[in-house]
Amino acid sequence: MPAAAEGGGAAAAGGGEQTVRILIVDDDALVRAGLSMILGGTPDLKVVGEAADGSEVVQAVAACRPDVVLMDIRMPRLDGLAATEALRALPQPPEVLVLTTFDADEHVLRALRAGAGGFLLKDTPPVEIVRAVRRVAAGEATLSPTVTRTLIEHVTAGPAADPRRDRAARLIEGLTERERAVAVALGMGRTNAEIAAELYMSVATVKAYVSRLLTRLGLNNRVQVALLVHDAGLV
């Protein structure tokens with residue numbers, strides 16, 4: 001059964017900052033313990049619960065109300081992909097950050113298409129895990145640099161007549177020139193600040209464009225915009 005912690009919603013941390021509430025989902029108890037130590041020792045992060053299988057995730061989210069779910073892919077009863085899809089179908093889903101091994105990039109791609117905010121390798125240094133959780137909580141994409149190239153190659157490897165590529169091209173064609181420029185920047189992994197500098201916008205304007213893109217394209221997050229751009233062959 002999932003373990004839950006007390007409290008609900010984002011709590012105020014010392015100094016007025018908000019605490020990011022985290023649910024760890026992994027069938028390996030040692031992995032869960034290690035992640036809890038890493039994340040629990042950071043003032044602005046709080047592990048509010050754990051689950052040992054994807055089948056426990058929806059119940060755990062209801063009990064713990066996390067901001068971010070740190071999700072394993074390979075679990076015995078319900079894997080992380082199906083669990084991510086179940087979470088993203090909720091009315092107010094938490095962000096999902098997928099954990100994976102190098103040879104699971106195809107599964108990770110499917111998880112990102114399902115709405116996960118990013119992925120990490122399980123051997124990612126602790127400081128990078130902390131940084132990734134913060135970025136996903138803030139709505140930023142988090143793609144592990146060591147597997148991004150593999151992911152992009154996988155996305156763009158399909159034939160020219162791939163229905164997914166045709167659909168992506170049609171969606172991109174419906175964007176304005178400025179919206180397309182922002183979408184391409186997202187596809188290149190740019191942060192809001194980097195996009196603002198490149199396109200001579202304010203960060204607030206970039207955020208507005210990203211929100212508009214999500215609405216117009218019917219997507220959940222900026223990672224899915226990036227995947228759509230790759231599918232369309234623009235990056």
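Helices (H or I, at least four residues) and strands (E, at least two) are DSSP runs, numbered from the N terminus. The views below come from a predicted model, in which local features need pLDDT of at least 70, side-chain atom pairs count only at pLDDT 80 or more, and totals for chains, interfaces and linings use all residues. Residues are numbered from 1 along each chain as its sequence is written, and side-chain values use heavy atoms, with hydrogens and water left out.

**View A. Asp 72 in strand β4.** Look for Asp 72 in β4, which spans residues 68–72. Asp 72 is buried, at a relative accessible area of 4% (buried means under 20%, with a 1.4 Å probe and protein chains only). Its side chain makes a polar contact of 3.1 Å with that of Lys 122 (a pair of N or O atoms within 3.5 Å, one able to donate a hydrogen and the other to accept it).

**View B. Arg 212 and the ring of Tyr 209.** Here Arg 212 sits over the face of Tyr 209, 4.6 Å from the ring centre. For Arg, this requires CZ within 6 Å of the ring centre and within 35 degrees of the ring normal.

**View C. The second largest pocket.** This pocket holds about 300 Å³ of space (on a 1 Å grid over the protein atoms alone, with a 1.4 Å probe, a pocket is an open set of points with protein on both sides within 12 Å along at least five of seven lines; lining residues have an atom within 4 Å of a point). Its lining has 16 residues, and Ala 138, Gly 139, Glu 140, Val 210 and Arg 222 are the closest to the centre. Helix α10 gives the largest share of the lining, 4 residues.

Key: Grid points are joined across faces, edges and corners, and a volume is the space filled by probe spheres set on the points. Buried means under 20% relative accessible area, exposed over 50%, partly exposed in between (1.4 Å probe, protein chains only).
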